[in-house]
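Me: I would like to understand how the words used for a structure follow from its values. Could you take me through some of them step by step?

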Amino acid sequence: MNTNIFSGFEEGRCSFAFLKHRLLLVGTQLICLLFLAGAMYGVLGGASLPGTEIFALLLLAASAWLGGVLVSCLKLPPLLGMLAVGIFFRNASFISYHADISIMWASTLRDISLVIILLKAGLGLDPPKLMELKLDVIKLSFIPCLFEAASSAVLVHYLLALPWIWSFMLGFIVSAVSAAVLVPGMLTLKEKGLGLESGIPTLLMAAVSIDNIVALTGFIVTFSIITSSENLTWTLITKSLEPFIGLLMGTIIGIFLWYLPSENTPEPVLVFYRSSALCLGGLCFNFVSKRVGMAGAGALACVSFAFISSLKWRTQEHYKHVTYVIGIMWNLIEPFLFGLIGAEITMNSLGTHIGYAPLALCLGVLIRVLSTIFALIGSKLNLKEKTFVSTSWIAKATVQAAVGSQALDYARSHRTEPNFKEYSQQVLMMSVLSIILTAPLGAAFIDWLAPHLLNEDCSTFSTSPESSGEEERERISEVTVTDYGARRSASVGEIEGFIRGLKSGVNV
């Protein structure tokens, strides 16, 4: 008899064993945080006490992490709790630590977050899936993103009175879908066996990385034009070439990493050096490209570097451990990113600039939904499945948090035109508003609509007649509980590897 091996998962999450596991995990994280604070005090002394930048950053990150834990208990994306803590951190009159955080470190931490996002996007591009789904992935990655970017640009130009080039930059920022919201939802669909026959989870997870790359490329080109003081024609030519230079640079260095270090190196050492090379290489591309005035090259260099490197690594056992390390790096930097972006928002500026912003965002999302349905014309999906894909393809979060404040950071560190700072504050406000409005909606649509719009494929996850249901439930409960925290923010490639390993283990 075929039974869904994940049938006990939701029940297991409410069990005493699961709650005990979560409490012990949170307790371990708190102990590590206390050890870190103690070590920093021992090394730095008074430089790590209240009133210093180090203390303010640690307080913000720890509070944001706790906010994420609490919000996740409500089945909402943790990033919303982190964002709310950042806004509270900035606007609560009895908390004055935000003034201790320098623009340089806030900007640097956001840049590091962007690098990790780009590396995850590169690792998330799975060539076999791209070849299998081909046209559907390309259409779903490009058409909704470009339609929303263009329509949002027109809307904010006329509703918020932003110049055209600023409007298009903002359009590209808000058009990126958040993998942090989408991927966990798709993993849940796989666990429940929903939409598997039509390949919906695979389609969305394969397309989200390309969607982010398209949006980031558009942002980089428009932002480079805004900040350039050269002739417009020359700027358009040179800044449009920068992403291709970065693509070439990342490809060449990525090929070198196919052979470094030797394949005879012990696996733990191999994981250490290749993970380190990815992270340090991404940071190098990003910061050096900015230093030499070619900021547009850094982002595509990071993506192509991670993707090309992984082409050969995917065939080796250590690859999944490399993706785990990058996932852990994201877990570490995520509270800083969303805490800092929230801390940029003041109630006064929000009230001053909000205006027609919600209307512009809602109309842009509506156009995205319609263009997604249009993009799926000719695919094997039926109308219900197209409706589900279009409604789940709206959540914003990671890209908006990573680049939404870059214009404001630039305005604070450079001499700019009189209206530059005002425009950059509007861009930041729209970025944060897009997260607040769409991240919970995207997660809710995936959770609520999937059982009604998608078909269940029970045969995909079936146990053998020889194995007892109780043994399978215990096996799955053990794996899912212990790996839940890591998988919540894992990359697309990591999740696919986890599912394949889980299935092969059950079918043994």
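Reply: Let us begin with a cut-off: a residue is called exposed when its relative accessible area is over 50%, buried when it is under 20%, and partly exposed in between. The model shown here is a predicted one.

Me: What makes P50 count as buried or exposed?

Reply: The relative accessible area of P50 is 53%, and because exposed means over 50%, P50 is called exposed. P50 sits in the loop between helix 2 (16-44) and helix 3, where, leaving out residues up to four places away in sequence, P50 touches F55 and Y97. The C-alpha atoms of P50 and D100 are 9.4 Å apart, although 50 residues separate the two along the chain.

Me: Why do C73 and C362 get the labels they do?

Reply: C73 has a relative accessibility of 61%, so C73 counts as exposed, given that the cut-off is over 50%.

Me: How many disulfides does the model have, and by what rule?

Reply: The rule asks for a pair of cysteine sulfur atoms within 2.5 Å, and the count by this rule comes to zero disulfides.

Me: What makes the approach of S309 to F305 a polar contact?

Reply: A polar atom of the S309 side chain lies 2.7 Å from the backbone oxygen of F305, and because the limit for such a pair is 3.5 Å, the distance of 2.7 Å meets that limit.

Me: How do you know that the span of helix 3 is close to the expected one?

Reply: Helix 3 (residues 53-72) has 20 residues and reaches 28 Å from its first C-alpha to its last, which is close to the 28 Å expected at 1.5 Å a residue. Among the residues of helix 3 that are buried are A56, L57, L60, A61 and A64.

Me: Which element gives the most to the lining of the second largest pocket?

Reply: The second largest pocket has a volume of about 1000 Å³. Of the 36 residues that line this pocket, the closest to its centre are F223, K290, A295, Y410 and H414. Helix 5 gives the most to the lining, with seven residues.

Note on methods: Residues are numbered from 1 along each chain as its sequence is written. This is a predicted model: local features need pLDDT of at least 70, side-chain atom pairs count only at pLDDT 80 or more; totals for chains, interfaces and linings use all residues. Side-chain values use heavy atoms; hydrogens and water are left out. Helices (H or I, at least four residues) and strands (E, at least two) are DSSP runs, numbered from the N terminus. The expected span of a helix is 1.5 Å times one less than its number of residues. Buried means under 20% relative accessible area, exposed over 50%, partly exposed in between (1.4 Å probe, protein chains only). A polar contact is a pair of N or O atoms within 3.5 Å; within protein, one must be able to donate a hydrogen and the other to accept it, and residues adjacent in sequence count only if both atoms are side-chain atoms. Contact means heavy atoms within 4.5 Å. On a 1 Å grid over the protein atoms alone, a cavity is a set of points where a 1.4 Å probe fits but cannot get out, and a pocket is an open set with protein on both sides within 12 Å along at least five of seven lines; lining residues have an atom within 4 Å of a point. Grid points are joined across faces, edges and corners, and a volume is the space filled by probe spheres set on the points.
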